[in-house]
Amino acid sequence: MLQKTRPGTIACLTLFMLGVAFGQARGDVYRYVDADGVLHFTNTPTVSQYSFYMKESSSGSRLEDIIGHYAAMFALDENLVRAVIKAESDFDPRAVSSKGALGLMQLLPETAREMDVGNPLNAEENIRGGSRYLRQMLDQFQGDLTLALAAYNAGPGAVRRHGGIPPYRETRTYVDRVLKYFERYRQDKDTLL
């Protein structure tokens, strides 16, 4: 199902996905903001409006440090943050969903702004924002992990409207998947992936 979006966003995502499909996604990322305020990202700029945005980093140990830092900052179990990242993006800092969620913890642009994330494709900013949002969901739902995860996926309004996990297949599958990864990471602390 096609989501309503600005034409520039579709073009941007198409260019980005073509780069991924042809193995060119590694390297520098460039961006520009068009006259309508739409952000465009690419790893292969074709017009002069693009400017350097970030350099890709793929260091697993750096990710471990970032996860540990922000898990501690927001009083989260590191394994829970790992589990959310695994379920959301499979540890791909360049992940872009069909709904426009970005980065490791798949932040929608609105959520990224609310969490003060300027660059959702930057691993550190994304993990900071995603961890902060996860903490907020846990606080809103009095520490109930399943409700917090459902809210992370479907939004807190949907969880409140339905009086629990919404009856959406995607959300129910998501909660189960995160809980499965969480338990796996708690038992085997050797690996990020």
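What follows is a set of questions and answers about the predicted model shown above. This is a predicted model, in which local features need pLDDT of at least 70 and side-chain atom pairs count only at pLDDT 80 or more, while totals for chains, interfaces and linings use all residues. Residues are numbered from 1 along each chain as its sequence is written, and side-chain values use heavy atoms, with hydrogens and water left out.

Visitor: In what order do the elements of the chain run from the N terminus on?
Guide: Helices (H or I, at least four residues) and strands (E, at least two) are DSSP runs, numbered from the N terminus. The chain has 8 helices and 3 strands. From the N terminus on, the order is α-β-β-β-α-α-α-α-α-α-α.

Visitor: What percentage of the residues in the chain is buried?
Guide: Buried means under 20% relative accessible area, exposed means over 50%, and partly exposed lies in between (1.4 Å probe, protein chains only). The chain has 193 residues, and the buried share of them is 45%.

Visitor: Which residues have the most contacts inside the largest nonpolar core?
Guide: A nonpolar core is a set of buried Ala, Val, Leu, Ile, Met, Phe, Trp, Tyr and Cys residues joined through side-chain atoms within 4.5 Å. In soluble globular proteins, nonpolar side chains tend to be buried together. The largest core here has 40 residues, and those with the most contacts inside it are Val84 and Ile127.

Visitor: Which elements each supply at least two residues of this core?
Guide: The largest nonpolar core has 40 residues. The elements that each give it at least two are α2 (60-73), α3 (78-89), α5 (123-140), α6 (145-154) and α8 (169-187).

Visitor: What do the buried residues of α6 pack against?
Guide: The buried residues of α6 are Leu147, Ala148, Leu149, Ala150, Ala151 and Tyr152. Just after α6, Gly155 takes a positive phi of about 100°. The buried residues of this helix pack against α3, α5, α7 and α8.

Visitor: Is Ile165 buried, partly exposed or exposed?
Guide: Ile165 is found in the loop between α7 (156-162) and α8. Not counting residues up to four places away in sequence, Ile165 touches Thr146, Leu147, Ala150, Thr171, Arg172 and Val175. Because its relative accessibility is 24%, Ile165 counts as partly exposed.

Visitor: Which element gives the largest share of the lining of the second largest pocket?
Guide: On a 1 Å grid over the protein atoms alone, a pocket is an open set of points where a 1.4 Å probe fits, with protein on both sides within 12 Å along at least five of seven lines; lining residues have an atom within 4 Å of a point. The second largest pocket is lined by 22 residues, and the closest to its centre are Ala101, Gln106, Leu108, Tyr152 and Asn153. Elements giving two or more residues to this lining are α3, α4 (109-114), α6 and α8. The largest share, 4 residues, comes from α6.

Visitor: Which backbone nitrogens lie 2.9 Å from a polar atom of the side chain of Asp34?
Guide: Asp34 is found in the loop between β1 (28-33) and β2 (39-42). The backbone nitrogen of Asp36 lies 2.9 Å from a polar atom of the Asp34 side chain. At 2.9 Å from a polar atom of that side chain there is also the backbone nitrogen of Val38.

Visitor: What is the phi of Asp90?
Guide: Asp90 lies in the loop between α3 and α4. Most residues other than glycine have a negative phi. Asp90 is a residue other than glycine with a positive phi, near 55°.

Visitor: Is Gln142 buried or exposed?
Guide: Gln142 is found in the loop between α5 and α6. Its phi is positive, near 45°. Because its relative accessible area is 70%, Gln142 is exposed.

Conventions: Contact means heavy atoms within 4.5 Å. A polar contact is a pair of N or O atoms within 3.5 Å; within protein, one must be able to donate a hydrogen and the other to accept it, and residues adjacent in sequence count only if both atoms are side-chain atoms.
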